[in-house]
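Welcome! Have a look at the structure below and turn it around a few times before reading on.

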Amino acid sequence: MSARLWCGAGMILCSVWAQAGSGLELGVSHDSLSGAYDDWRGLSLQWDWQTASGHGFALAAARQQRFALIDQELRAAWTRKFDQAELRIEIEHSPQHRILPRLGTHVHASMAAGPGRLLLDGSWREYQTSRTRSFKAGYEQYAGAWYWQGGLQVSDLSGVRGYGWQARADYYYQDNSRIGLQWGQGDEAEQSGVALRRYRVSTLGLQGLHSVNREWSLRWRIERARQGDFYWKNGINLGLRRHF
């Protein structure tokens, strides 16, 4: 199943290779967990492109290994930019869905509001034995070389309501590169086989994007998170992007 998934994703990506304003990104991740838990590993490949009419598209294939279980995932996204607003819809599917959602949708909308933009997010995910829903509302603003964002979240985790918050601050430097800090706290759900775990998560991350030149850029993130009373998680995520 894994070979067919990756081959199919590769064929789809090649079919849009000639699109102008497109990009291809290879991502890898590694998370080290405390206690007796195995490390998590991830691998992803994403292709995205823009059209002259303001539409954006993205296709991705991913592989995740958690708790000695392995899942593959396919994702697709559509973005539409307007004069004062933007709408993005994402769909995800995991054939195995042992640790990833069998099916999920995510809707993101942003619109001009005063000196910044109002952010609205809604998501729905179906696991083996349960479903989760969440809604986020936030605000973002650029001020010179600085960017900041803050928001609140309410979620329904298999019938149990949870709340959370998140804040982020970035500093932009040469060629649209940036470095920033993100921190937050909230309730999350995690699938492990047929069991769905719910816990309180506290996260602190340092992240950035560095433009090497007009064709290449490097995305990175270092994170430390507390997953309730289960474990601490130290993670690193790297993405190498080729611009066309």
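## Charges over rings

A charge sits over a ring if NZ of Lys or CZ of Arg is within 6 Å of the ring centre and within 35 degrees of the ring normal. With that in mind, find R80: its charged end sits over the ring of F82, 4.9 Å from the centre of that ring. Keep in mind that you are looking at a predicted model.

Now try R66. Its charged end is placed over the ring of W40, at 4.8 Å from the ring centre. W40 also belongs to an aromatic cluster, together with Y37, F67 and Y231.

## The chain as a whole

Let us step back. The protein chain contains 14 strands and 1 helix. It has 244 residues, and 37% of them count as buried.

How much of the contact between residues at least 6 apart in sequence joins residues at least 24 apart? In this chain, the share is 41%.

Which strands pair with β1? One is β2 (residues 40-50), which runs antiparallel to β1 and is joined to it by 9 bridges. Here L26 stands opposite L45. The hairpin of these two strands has 6 residues between them, and G35 takes a positive phi near 75°.

Another partner is β14, spanning residues 231-243, which pairs with β1 in the antiparallel sense over 11 bridges. In this pairing, L24 stands opposite R242 of β14.

## Aromatic pairs

A pair of aromatic rings is described by the distance of the centres and the angle of the planes. The whole structure holds 11 aromatic pairs. One of them is formed by W47 and F244: the centres are 5.3 Å apart, the planes make an angle of 35°, and the pair counts as tilted.

Why does this pair tie together separate parts of the chain? W47 lies in strand β2 while F244 lies in the segment after β14, so the pair links parts that are 197 residues apart in sequence.

F244, with a relative accessible area of 37%, is partly exposed.

Notes
Residues are numbered from 1 along each chain as its sequence is written. This is a predicted model: local features need pLDDT of at least 70, side-chain atom pairs count only at pLDDT 80 or more; totals for chains, interfaces and linings use all residues. Side-chain values use heavy atoms; hydrogens and water are left out. Two strands pair if DSSP finds at least two bridges between them. Helices (H or I, at least four residues) and strands (E, at least two) are DSSP runs, numbered from the N terminus. Buried means under 20% relative accessible area, exposed over 50%, partly exposed in between (1.4 Å probe, protein chains only). Contact means heavy atoms within 4.5 Å. Rings of Phe, Tyr and Trp (its six-membered ring) pair if their centres lie within 6.5 Å; planes under 30 degrees apart count as stacked, over 60 as edge-to-face and the rest as tilted.
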